[in-house]
Amino acid sequence: QVHLVESGGGLVQPGDSLRLSCAASGPTFGMGWFRQAPGKEREFVAGISSSGRATNYADFVKGRFTISKDNAKNMLYLQMNSLKPEDTAVYSCAATRSVVVGPKTIFQTWGQGTQVTVSS
């Protein structure tokens, strides 16, 4: 089973950008980013297919976040622009055996998460 480690979180101001990375210990198929804010359930943020050619996003990040995948390096990224205070959460990457990823895809492997705090 692949092991996932996130990095890149931190404290930023509203309107700033941040790029999250997720290092996988081996090759992956579909992958995704999720987030969980204090007192809230974990929610789907973005997903990417095995090849990296197909992506989908939650409505609340469309146009602001971009998910990408480098299969040669076993890396997953989430570029986050125009960050808002409501984006504050622990962000986790996940891997699935599915080739195509969507909000209802079942993910088998999860990283520990990285904290993103957006505050002035």
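**Close-up 1. A disulfide joins Cys 22 to Cys 93, with an S to S distance of 2.0 Å.** The model shown in this and the other views is predicted. The structure holds one disulfide. A disulfide is a covalent bond between the sulfur atoms of two cysteines. Cys 22 belongs to strand S3 (residues 18-24) and Cys 93 to strand S9 (residues 89-95), so the bond ties together parts that are 71 residues apart in sequence. The link of Cys 22 and Cys 93 is right-handed, with 60° about the S-S bond. Both cysteines, Cys 22 and Cys 93, are buried.

Close-up 2. The relative accessible area of Ser 21 is 12%; the cut-off for buried is under 20%, so Ser 21 counts as buried. Leaving aside neighbours within four places in sequence, Ser 21 is in contact with Val 5, Glu 6 and Ser 7, with Trp 33, and with Met 75, Leu 76 and Tyr 77.

**Close-up 3. Phe 29, Val 99 and Val 100 make a nonpolar surface patch.** The patch made by these residues covers about 290 Å². With a relative accessible area of 48%, Val 99 is partly exposed, whereas Cys 93 is buried.

Conventions: Residues numbered from 1 in each chain as written. Predicted model: local features only at pLDDT ≥ 70, side-chain atom pairs only at ≥ 80, totals over all residues. Heavy atoms only, no water. Disulfide = S-S within 2.5 Å. Helix = DSSP H or I, 4+ residues; strand = E, 2+ residues; numbered from the N terminus. Buried < 20%, exposed > 50% of the residue type's maximum accessible area, 1.4 Å probe, protein only. Contact = heavy atoms within 4.5 Å. Patch = residues over 30% accessible without salt bridge, like charges linked within 9 Å, V, L, I, M, F, W, Y side chains within 5 Å. Areas by Shrake-Rupley, 256 points an atom, 1.4 Å probe, with all protein chains shown as cover. Salt bridge = Lys/Arg side-chain N within 4 Å of Asp/Glu carboxyl O.
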